[in-house]
Amino acid sequence: MFLFKNESDLEWNVRTHNKIAKKYERIHGEIYNSHEQSRLRNALKEAISDINTGCESKLVLDFGCGAGNLTGHLTFLGCEVVACDVSQGFLDLLASRSYTTNVETAKLNGVDLSNIPSDSVDMVATYSVLHHVPDYLGILTEFMRVLKPGGVVFIDHEPSDEFWLKGHAYLDFEQEMKQNTRLDLKKYFIPTNYYDWLIRRFVNPRYHREGDIHVFDDDHVEWSKVTSALVKAGGEVVFEADYLLYRRNYDILIYNKHKDKTTDMHLLVVKKL
């Protein structure tokens with residue numbers, strides 16, 4: 001099982017994310033806005049209530065923790081956290097902060113979760129990460145391995161099927177929003193986003209900024225395969241939903257007009273039996 005295609009890809013990803021760690025929150029308005037943060041906290045609160053491990057104190061593995069978005073919410077909700085990432089820059093950023101509960105950091109090796117014991121955590125939570133993992137189905141078996149029976153996997157902020165199909169409802173929303181909203185260009189003017197990118201882009205056009213081989217229309221997270229893999233590994237779907245992501249540059253009136261008609265993101269919660 002490999003999270004990255006080869007060692008060179010992993011090293012590039014780590015170098016780039018080390019450089020952008022302190023800027024990440026400022027440039028990602030699709031995540032760091034009050035609307036999305038409120039939705040996320042409520043979703044986490046509901047998922048935590050589904051945990052049935054018999055443990056009063058909940059220990060959560062924040063997989064691909066990045067700048068600590070999930071970790072902040074989880075500690076606010078009373079959980080202890082093991083924040084994991086391949087980037088030491090992100091881990092150092094989290095370690096420099098104060099939390100209301102215990103937070104430990106662990107560096108991912110880009111291959112598996114071999115440094116995390118089996119049946120050791122009450123929840124595995126990941127947000128806007130799975131679509132960056134080439135072998136996203138392989139890592140799901142690791143999620144289930146490290147979970148205690150009764151624990152839950154929380155996967156959020158991932159493109160929904162409707163995002164890729166781009167039906168009439170989504171295209172109508174996209175067109176109206178583009179016509180009435182200024183583009184959020186902050187992340188496109190961060191030089192370190194392009195570290196080593198142009199050379200790699202020449203070799204492989206699927207390389208994107210921020211050190212990732214991103215996903216495309218013909219190569220993306222397939223939710224039927226995700227749920228099948230988790231169920232096969234001993235899980236049971238607790239909750240699954242599509243929703244329309246709110247970005248900080250959106251016109252709220254246009255967003256509210258379309259949010260119940262179309263989606264572009266997916267949330268999945270699975271319990272280990």
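Q: Among contacts between residues at least 6 apart in sequence, what share joins residues at least 24 apart?
A: This is a predicted model. In it, 76% of those contacts join residues at least 24 apart in sequence. The protein has 11 helices and nine strands, and buried residues make up 51% of its 273 residues.

Q: Which residues of H3 are buried, and which are exposed?
A: The general idea comes first. An α-helix has 3.6 residues a turn, so residues three or four places apart point the same way. In H3 the buried residues are Glu 36, Gln 37, Arg 39, Leu 40, Ala 43, Leu 44, Ala 47 and Ile 48. These cover an arc of only 165° around the axis, which means that they lie on the same side of H3. Ser 34, Asn 42, Lys 45 and Ser 49 are exposed on the other side.

Q: What do the buried residues of H3 pack against?
A: Their partners are helix H4 (69–76) and the strands S4 (121–127), S5 (147–159), S8 (235–243) and S9.

Q: How is the packing of H6 and H10 described?
A: By an angle, a distance between axes and a handedness. Helix H6 (residues 136–146) and helix H10 (residues 223–232) pack at about 30°, with axes 9 Å apart, and their crossing is right-handed. Tyr 136, Leu 137, Leu 140 and Met 144 from H6 meet Lys 225, Val 226, Ala 229 and Leu 230 from H10.

Q: How far apart are Lys 225 and Tyr 136 in sequence and in space?
A: They are separated by 89 residues in sequence and by 9.9 Å in space, C-alpha to C-alpha. Lys 225 counts as partly exposed because its relative accessibility is 41%.

Q: Is Thr 262 buried or exposed, and where does it lie?
A: Thr 262 is in the loop between helix H11 (252–258) and strand S9 (265–272). Its relative accessibility is 2%, so Thr 262 counts as buried.

Q: What is Thr 262 in contact with, leaving aside neighbours within four places in sequence?
A: Its contacts are Glu 162, Ala 169, Tyr 170, Phe 173 and Leu 244. With Glu 162 there is also a side-chain polar contact of 2.8 Å.

Technical notes: Residues are numbered from 1 along each chain as its sequence is written. This is a predicted model: local features need pLDDT of at least 70, side-chain atom pairs count only at pLDDT 80 or more; totals for chains, interfaces and linings use all residues. Side-chain values use heavy atoms; hydrogens and water are left out. Helices (H or I, at least four residues) and strands (E, at least two) are DSSP runs, numbered from the N terminus. Buried means under 20% relative accessible area, exposed over 50%, partly exposed in between (1.4 Å probe, protein chains only). A polar contact is a pair of N or O atoms within 3.5 Å; within protein, one must be able to donate a hydrogen and the other to accept it, and residues adjacent in sequence count only if both atoms are side-chain atoms. Contact means heavy atoms within 4.5 Å. The arc is that of the directions from the helix axis to the C-beta atoms. Axes are lines fitted to C-alpha atoms, for helices over the stretch in contact, and angles run from 0 to 180 degrees between N-to-C directions. A crossing is left-handed if the near helix is turned anticlockwise from the far one by less than a right angle, and right-handed if clockwise.
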